[in-house]
Amino acid sequence: MNFVCIHGHFYQPPRENPWLERIQWQESSHPFHDWNERITAECYGPNAWSRILDGQGQIVDIVNNYGRISFNFGPTLLSWMEENAPEVYQRILQGDKESMDRFGGHGSAIAQAYNHLILPLASARTKRLQVEWGIRDFRHRFGRDPEGMWLPETAVDNETLEVLADHGVRYTLLAPRQAESVRASGESVWHDVSGGSIDPRKAYRCPLSGGRHVDLFFYDGGLAQDVAFKGLLESGEAFADRLLSGLGEAGNDARLVHVATDGESYGHHHRYGDMALAYALDQIEQNGRAQLTNYGEFLALHPPTEEVEIVSRSSWSCAHGVERWRSDCGCTNGEGGDAFSQAWRKPLREALDMLNGRLEEAWRMQAPGLFQDPEGAADRYVDLINGRSPEAAHAFLSRELHTEVWNSKDQERFTTALRMLEMVRQGMLMYTSCGWFFDEISRVEPVQILQYANRAIQLAERECGLSLEADFVAKLREADSNVPEFDTAVEIWEKLVAPARLTLSGVGMHYAVYSLFEDFPERMDICNYWAESTRYERFEAGSHRLAMGLTTVRSRITHSVKHFGFAVVYLGQHQIIGQLLSDMSEAAFEACHMELRDAFLASRTADVLAGMQRHFPAGPAPGTPGADAVSQGSSAGGGAAFTFWNLFRDEQRKVLQWIVAPDVEQAETAYREIFDRNYNITNVLRSAELPIPDVFARNLEVVINTEIRRAFGDGRLNPRKLEKLALQARKWDVPLDRELIAFAAGERLLKGLHDIPTSTEPSQLLDRINRVFQVLKDLDIKPDLWRLQNTYYQLARTKTADGTPLTEDLMEAWETLGSHLGVKARLEVSA
């Protein structure tokens with residue numbers, strides 16, 4: 001009769017650039033590219049392959065925590081993970097399947113309102129779309145309907161619960177202070193349980209209009225505080241004891257001890273929190289005092305016998321209800337102390353509400369002329385988001401558009417329909433809750449939601465002929481920043497938001513620059529755009545390059561199309577100068593092509609630049625004020641200039657890597673030649689105990705580090721070569737770049753482990769891997785073992801093929817590798 005359930009709310013805000021649909025480099029996440037990538041490495045991945053240790057600190061089991069807890073993942077996070085961390089993504093889905101077997105057919109995954117906006121503050125239409133999209137996204141990923149749904153920040157009101165009931169959602173989770181009063185089913189008298197005094201060890205039924213209801217679980221607030229903020233996850237044993245202690249004295253009623261926190265507590269906020277979780281779950285299963293469950297199974301076994309009234313417009317992370325997301329209520333994260341004010345929250349909310357009202361009005365005016373069922377099309381648009389392809393878009397539009405619109409085969413009207421739907425999406429993303437959560441409006445989170453607003457404005461102004469930006473920016477003037485770099489949010493908009501607006505011409509500019517360095521530039525994917533050239537030529541003169549083309553760019557999202565001609569010249573280092581022209585004719589391109597080609601091949605650089613300016617009339621760089629006429633493909637055409645500095649930061653990094661790669665390789669070769677030429681004299685100096693010139697010492701450092709990294713290339717793993725290099729490193733006392741070498745070693749060793757099942761000589765391969773590990777140990781280089789341990793453990797659980805001899809040498813080499821990895825897992829052989 002005793003049950004334990006642990007819920008993890010796994011969520012990251014959408015961070016994608018609204019035009020590129022890619023997360024750009026985030027410096028604060030170093031050494032990772034962005035925070036999604038970092039938190040996946042610290043939390044989401046470790047919970048998918050969590051370690052259980054023995055008394056000697058050796059790994060004896062690797063488990064999927066998602067199969068034994070209740071959890072939700074934000075849909076936008078799962079969308080990112082599906083593409084960028086597919087192995088982790090699949091383990092999450094597998095965890096839900098395992099939980100269905102474990103918990104009587106009830107899956108542990110529950111849905112989440114789509115992009116984590118505060119539902120009580122949303123319009124009725126947005127509430128419905130958020131729940132509808134959350135359910136459809138869940139069904140797409142988990143292959144079933146969700147029983148429950150996580151409400152962002154557990155923010156709730158009766159209207160939100162009505163929407164859940166409308167969509168067949170059975171239950172949700174709330175904080176204990178969100179309960180107002182309770183009564184036994186069938187009674188009329190309500191009993192006050194405000195202030196968090198409700199008994200959290202049972203389910204409650206919240207009656208709604210029309211005889212409907214939603215069941216509610218109020219998690220243990222004190223336990224949640226201990227997990228999230230008071231160090232309970234420092235010990236898995238202590239965590240298990242704390243959970244079981246919540247059961248209280250033995251009784252006749254079923255009792256559920258359950259806790260809900262940010263899932264990131266288990267690994268990101270608390271290192272090794274995933275292992276504490278895995279150990280606690282293991283201990284509870286072995287203890288026998290309670291059984292693990294999830295909310296769906298518990299409801300099926302023990303339906304509510306009491307009803308509850310909620311505190312309307314309340315949440316788990318604001319003591320003032322939902323004021324944190326619309327006013328200066330006093331809730332802060334403390335980053336600015338008393339010097340910071342959050343008065344900016346109110347005008348930011350008002351500006352977005354004003355904009356949203358205009359967007360919804362634009363939809364009501366425009367959508368009925370395009371769609372048979374405008375609101376139904378908006379509901380179903382998330383299905384297209386989850387599978388964008390020309391074929392999927394074709395099928396979607398054929399179903400949703402008016403017959404006469406579809407039969408017109410008017411591509412511009414099709415693009416208008418997709419842009420209108422995308423306007424709806426961006427209009428919801430701009431309300432993502434993190435935009436208000438922290439203390440300063442110039443932080444990355446408010447800037448991100450302003451980017452979504454920027455994109456929504458661009459789409460609405462383009463398709464509906466509205467003028468929205470001026471009024472929106474005027475309202476932002478009321479939002480004061482706390483930092484000296486910005487006076488109000490207007491400066492933030494002008495410096496951080498508006499310049500990021502991208503047009504198809506801007507995509508064309510990126511394509512032109514990429515084409516200078518790509519091996520096959522005629523067709524190229526650029527984030528969520530396709531680019532293809534009907535004419536393309538590239539010329540080289542020494543280190544200089546000239547590329548020219550007639551190109552078409554198409555958006556994967558709106559299917560909008562842009563035709564342009566371009567010329568771009570690379571003059572070495574980061575000196576890139578380009579021009580493009582909308583709707584350039586073949587005749588105009590041919591004249592430009594001949595003139596620029598001849599001048600370039602004759603090394604008349606000044607004539608090349610002058611010719612580019614003449615054939616591509618000067619204009620602003622794409623994405624800058626004044627460039628929108630070009631971006632919208634005006635019939636008269638228009639020119640635009642661009643340089644390296646017009647690229648986004650990720651693209652700047654990529655281009656710089658292209659540029660410096662051959663120079664780095666040339667420099668490494670030169671260092672090697674100096675090393676070989678001066679090795680003997682350096683040896684003599686050392687033997688004579690004379691000082692080695694600094695330039696020789698630095699040369700030794702570069703060469704030996706480079707050679708060690710190269711030894712972990714794609715060729716055959718060669719421990720003998722590494723052993724010799726290790727001797728050289730010790731002989732010359734070379735400072736090693738341990739971080740870079742560890743990364744290269746980890747990648748190559750992982751490949752070696754994956755090769756074991758197909759190797760014709762597994763003992764010899766294991767021996768080479770073990771020798772490499774010994775070299776790394778001698779050099780104090782510590783590769784990340786996490787994926788290596790996962791692979792080793794999985795290989796041990798995968799029975800060897802019939803007839804594979806488990807020789808003494810093989811078993812010894814396998815166990816030696818296990819000792820290097822800290823894993824105890826014997827090989828199994830099939831019968």
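How much space lies in the largest cavity? About 70 Å³ of space lies there, in a structure that is a predicted model.

**Figure 1. The largest cavity and its lining.** Three helices each supply at least two residues of its lining: α4 (124-142), α10 (345-366) and α14 (411-429). The lining residues are R125, T126, L129, N356, L359, E360, W363, M423, V424, G427 and M428.

**Figure 2. The kink in helix α23.** Helix α23 spans residues 649-687, a run of 39 residues. A straight helix would reach 57 Å at 1.5 Å a residue, but the end C-alpha atoms of α23 are only 50 Å apart. A kink of about 55 degrees is present in α23, with its centre on N678. The residue N678 is also buried. After α23 comes E689, which has a positive phi, near 55 degrees.

**Figure 3. The buried residues of helix α23 and their cover.** The buried residues of this helix are D650, E651, Q652, V655, I659, E668, F675, N678, Y679, T682 and L685. An α-helix has 3.6 residues a turn, so residues three or four places apart point the same way. Among the elements that cover the buried residues of α23 are the helices α19 (504-515), α24 (694-710) and α25 (719-731). The strands β18 (561-570) and β19 (576-582) are also included in this cover.

**Figure 4. Cysteines in a structure with zero disulfides.** A search of the whole structure finds zero disulfides. C329 is accordingly in no disulfide, and the nearest cysteine sulfur, that of C331, is 3.7 Å away. A disulfide would need the two sulfur atoms within 2.5 Å. C329 has a relative accessible area of 17% and is therefore buried, as the limit for a buried residue is under 20%. Another cysteine, C206, also counts as buried because its relative accessibility is 2%.

**Figure 5. G715 in the loop between α24 and α25.** This view shows G715, found in the loop that lies between helices α24 and α25. With a relative accessible area of 44%, G715 is partly exposed; this class lies between the limits of 20% and 50%. Both α24 and α25 also belong to the cover of the buried residues of α23. From G715 to I457 the separation is 258 residues in sequence and 52 Å in space, C-alpha to C-alpha.

Notes: Residues numbered from 1 in each chain as written. Predicted model: local features only at pLDDT ≥ 70, side-chain atom pairs only at ≥ 80, totals over all residues. Heavy atoms only, no water. Helix = DSSP H or I, 4+ residues; strand = E, 2+ residues; numbered from the N terminus. Expected span 1.5 Å × (residues − 1). Bend = angle between axes of the 7 residues up to and from the residue. Buried < 20%, exposed > 50% of the residue type's maximum accessible area, 1.4 Å probe, protein only. Contact = heavy atoms within 4.5 Å. 1 Å grid on protein atoms, 1.4 Å probe; cavity = no way out; pocket = protein on both sides within 12 Å on 5 of 7 lines; lining within 4 Å. Points joined across faces, edges and corners; volume = space filled by probe spheres on them.
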